[in-house]
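Reader: I am new to this kind of description and would like to know what stands behind the words. Could you show me the structure and then take my questions?

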Amino acid sequence: SNLSMNRTFLFFMKEVKMIEKSYVTIVESIKGQIRSAQHKAILSANKEMLILYWNIGKIINEHSEWGNKFLRNLSKDISKKFPNAKGFSVRNLHNMEKFYRNYSEIEFVQTVAAQIPWSHNLEILRVDSKEKRIWYINQTIENGWSKNVLAHQIDTNLYERQIGQKK
């Protein structure tokens, strides 16, 4: 009877361990799904913000004859109406116009530029050709570059060094 109890206990412990392993697997799976959903939500919000900035840039560009006073008033009025909203300084409104002028097709913004944050896009706008900008966007995505790393790669002409070697 003692042997029987030991066997029952061992069987029970094996069951507990299997349940623990199964539980850990389930928890890890759920954590992965949460991380994935969070990442998708961030990308979606980033895409919507870039489309908004592009549209604002388009409007500013269409009224460029109104000059800097237009941007100062626009910045003030947006800040009054949306006091918690950030990103509508005169300087950033200028950046939105530049973003629009450099990427005149909304499809490009929705598919390519929206894959990286606004701050990264501003760094890439310093690059003189669309071909190079696309290359830096792709490298940023592939390598997970921070804004500072991206700026350094642009400043040290990584595109010219890498593509120049291949030609």
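Reader: Where is glutamine 153 placed?

Author: You will find glutamine 153 in helix H7. A helix here is a DSSP run of H or I with at least four residues, a strand is a run of E with at least two, and both are numbered from the N terminus. This is a predicted model, in which local features need pLDDT of at least 70 and side-chain atom pairs count only at pLDDT 80 or more, while totals for chains, interfaces and linings use all residues. Residues are numbered from 1 along each chain as its sequence is written, and side-chain values use heavy atoms, with hydrogens and water left out.

Reader: Why is glutamine 153 called buried?

Author: Buried means under 20% relative accessible area, exposed means over 50%, and partly exposed is in between (1.4 Å probe, protein chains only). Glutamine 153 has 16% relative accessibility, so it counts as buried.

Reader: Which residues does glutamine 153 touch?

Author: Leaving aside residues up to four places away in sequence, glutamine 153 touches Tyr136, Trp145, Leu158 and Arg161. Contact means heavy atoms within 4.5 Å.

Reader: What makes the buried residues of H7 line one face?

Author: The buried residues in H7 are Leu150, Ala151, Gln153 and Ile154. Seen down the axis of H7, they fall within an arc of 160 degrees, so they line one face of the helix. The arc is that of the directions from the helix axis to the C-beta atoms. Turned away from that buried side is a face with the exposed residues Asn148 and Asp155.

Reader: Why is asparagine 157 called partly exposed?

Author: Its relative accessibility is 39%, so asparagine 157 counts as partly exposed.

Reader: How do you know that lysine 76 is exposed?

Author: Lysine 76, in helix H2, has a relative accessible area of 51%, so it is exposed.

Reader: Which residues of H2 are buried, and what makes them line one face?

Author: They are Phe70, Leu71, Ser75 and Ile78. Down the axis of H2 these buried residues fall within an arc of 130 degrees, so they line one face of the helix.

Reader: How do you know that the length of H3 agrees with what it should span?

Author: The expected span is 1.5 Å times one less than the number of residues. H3 has 13 residues and should span 18 Å; its end C-alpha atoms are 19 Å apart, which agrees. For H2, with 15 residues, the reach is 22 Å from first C-alpha to last, close to the 21 Å expected.

Reader: At what angle do H2 and H3 cross?

Author: The axes of helix H2 (residues 67-81) and helix H3 (residues 90-102) cross at roughly 115 degrees and come within 9 Å. Axes are lines fitted to C-alpha atoms, for helices over the stretch in contact, and angles run from 0 to 180 degrees between N-to-C directions. Where they meet, Asn68, Leu71, Arg72, Leu74 and Ser75 in H2 contact Val90, Leu93 and His94 in H3.
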